[in-house]
Amino acid sequence: MAKRKQKTGASKKTNAKETNGTIDNKAAVASKKKTTTKQTATAKKSATNTTKTASNKATKSKSVAASSSSPKTAKQGGAKKTNNFTLNNKVYVEGKYEKRSPIRKVLWTALNLVFALAIIGTIATGFVGVKILSDVLSDMPAFDVALLEPSEPLTQVYDKDGNYIDELGEDTYIEVTYDQIPDVVIDAFVAVEDARFFTHRGYDPKRMVGAVFDNFAASGITSGASTLTQQLVKNTILASRINSDAEYANSMRRKIQEIFLAMEVEQHLSKEEIFTQYVNTALFGNYQGIGTAAKRLFNKNVSELTLAEASLLAGIPKYPNEFNPFQDIAKSTERRNYVLDMMVRHGFTNEAAANAVKSLPVSDLLAKDPEDYLYQNYAYFSAISQELNEILPDAQTNRGLKIYSNMNTAMQNYSNELLDNPAFLEQETGLSFPDEYYQTAFAVVDTQTGKVSALGAGRNINYTTEGGGGGGYNFAISGGHEPGSSIKPIIDYAPAVEQFGWGPYTMLQDIPTTYTGGIKISNYNGEANEGSLTMQSAIAKSKNTTALRALQKAGTEYAQEFTERLGITYGEDGLQEANALGGSMTVTPLQMAGAYASLGNNGRYTDPYFISKITDMNDNVIYEHPSSATIQAMSPSTARSMTEALMYSSYAGTPSRGNVSGMNMAAKTGTSSYDTTIRNQYGIPYGAEKDHWHVGYTPQYSIAVWSGYDAPTAAAEKGIYGVNNNKWIPSLIYKQLFLKFGEYGWEYNFEGDSNGSNGSEPLVGADGNVPKPDPTQNNNNNNNNNNNNNNTNNNGN
């Protein structure tokens, strides 16, 4: 997708301050900003013309860029008037301290060094400060104002075959000038990131003292007290090395160089120019620059931003993906509120205004126009961005990188069509969604490697509202929903098979069963107990009693340890018996696809991943996915036994609607119900079903499909709720993905022995998919006589 660089043309709006400043420099700073804005804009126009002539080449129509290429221009512009003022007995000239005498300059340099070394957090470092400083300066980049421009190409993404897909950033890059930025935006950023921005010299001694104590207490670097000027240096001059050198990115060397380079920046650029360059280069999720972010998040020009929008934007750059409202609405809201608190603390707004904004749901602020913002690569690229942030947490990842992903382009494009084009879905599967609120998401993982081939992030993801969100929520990787019975093979049966050597024909007891606390459970729809039946039959019929008894026998502690190796996570209370039936917990399609894949891969688990390799633009490798990421989560014999049982389930059980004969499928379905309180409150009938799942695998792919209402309570308020027939939606999508992209002829090859079977033989069923007939009533199972005896005494599972 070709990207264009745009420049907004709106004029600056000046917002009146809501309260008097409480920090000592607030009044002077406010006065300075108002009296110099017009003069600075005039000088920038003059500077632009001068720079264009001097460079004798086409340049971008950008005032900051023009002045950056000729540092003296802003001061020398004919229309520019000197604007001096005194604050705290210090003389300011155009936003900077006036030139100092050589003696004072030496003293300040020494103080800079002291603070830089103090950040290291150890007293010992102070004694060898001279040596450290010499070493740090030896490879510090030479300062050049031009380096403050984003010079690297936008980060590029490639698919599993090495074919170029697109740039990682979603939208056209829009640049702004200082005169287009409202005071409320400046106030928000200064309040949360750098309250003394207009008075310091590139670093903030007061904040650094606090950071020293924080670092010393933590015995490491936990706080850096970076100013906006330092962040600008990090995002531009040092970005390339930070991206390519993880050790440097987290080092004190980088921090000290950042401080000294920030001092250089302050000597060449005005405060207005520094701020403008900072907001033009900062990351806001997948969007670089505040102009781009304002358009993407709110469909507004920067000049139109309000306090509510400014406070939301100002909170994002600290952790661009984590605080992106399209990524995590709850964290974004929490961060927005913190920015507002800081604005009140530093006198940039008052309590009443801040509280009024806090009462606004973030979702109400966000743009929701699918014609403008439905991005064809969002489903997979949002997952890449999240993983990229984990791999290179300190890097400026929007530029200068090549991302080699695991995306199957054809499969991903097909997945987008299934979820975003109702006519295409009906044509391919015969399905239609029950209403506009109904959601579906899925993940496709390579069974053997853990590589994620494709994601279905959700239907028309700009409209998703999970957690109060306003669009862009990726249900395949975020949040989660109750898995129902689809979790039983993972939580209940596999731990018991691993611990006690059960096999698919081990006899279990479907008899009246209670939780440890004495509460009785029943099977689905109150079905009668059958007594003795094999494990694979119990799984195929989705028996609740046998599942709970299996977990009780294995023990919740053991089962939690076992399932955590498969990527399943729990709350503070850990795994509870209620989780045996898939209630009181949430999982994502990606987690489920990853966990099931381990059963088809000899018990080896690989955390599903999107990025195989990262290089710089010169193809120097920065990161490769480690082979050590794969662990032996269970024995091959356990994986084989579970696969046999699930193959039978796929053919003869609840997942049969999604089965493809001849593909060696192993699968399980799941449903979850509304709790009694919600049913009674909204008049939802007994038997209504909230979530539906179809999870399964072949030796080639593991696929987990979820469907339901992303906000069940909100749907219930409209009289909408899930019904049993909705269970065919995930089953038919699952089936269609395999029909379109699955291949026949793949076979399981399990290592070792599985209850008397020759593990070296391929596991293939009678019709190319089904294992041996189920001897449900045969109590003479040679493989598990001891277990049978225990079951007879009702103690076996």
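Ser 707 sits in strand E23 of this predicted model. Its relative accessible area is 0%, so Ser 707 counts as buried. If you look at its side chain, you will find a polar contact with the side chain of Tyr 438, at 2.8 Å. Beyond its neighbours within four places in sequence, Ser 707 is in contact with residues from several parts of the numbering: Tyr 438, Gln 439 and Thr 440, then Lys 690, Asp 691 and His 692, and also Asn 726, Ile 729 and Pro 730.

Which residues of H20 are buried? They are Met 411, Gln 412, Tyr 414, Ser 415, Asn 416, Leu 418 and Leu 419. The helix itself passes a simple geometric check: with 12 residues (409-420) at 1.5 Å a residue, H20 should span 16 Å, and its end C-alpha atoms are 16 Å apart, which agrees.

Now let's turn to another serine, Ser 650, which lies in helix H27 (residues 636-652). Is Ser 650 buried or exposed? Its relative accessibility is 1%, under the 20% cut-off, so Ser 650 counts as buried. Leaving out residues up to four places away in sequence, Ser 650 touches Pro 655, Ser 656, Asn 659, Met 665, Ala 666 and Ala 667. Further along the chain, 46 residues away, comes Gly 696, and the C-alpha atoms of Ser 650 and Gly 696 are separated by 8.1 Å.

Key:
Residues numbered from 1 in each chain as written. Predicted model: local features only at pLDDT ≥ 70, side-chain atom pairs only at ≥ 80, totals over all residues. Heavy atoms only, no water. Helix = DSSP H or I, 4+ residues; strand = E, 2+ residues; numbered from the N terminus. Expected span 1.5 Å × (residues − 1). Buried < 20%, exposed > 50% of the residue type's maximum accessible area, 1.4 Å probe, protein only. Polar contact = N/O pair within 3.5 Å; in protein donor to acceptor, adjacent residues only side chain to side chain. Contact = heavy atoms within 4.5 Å.
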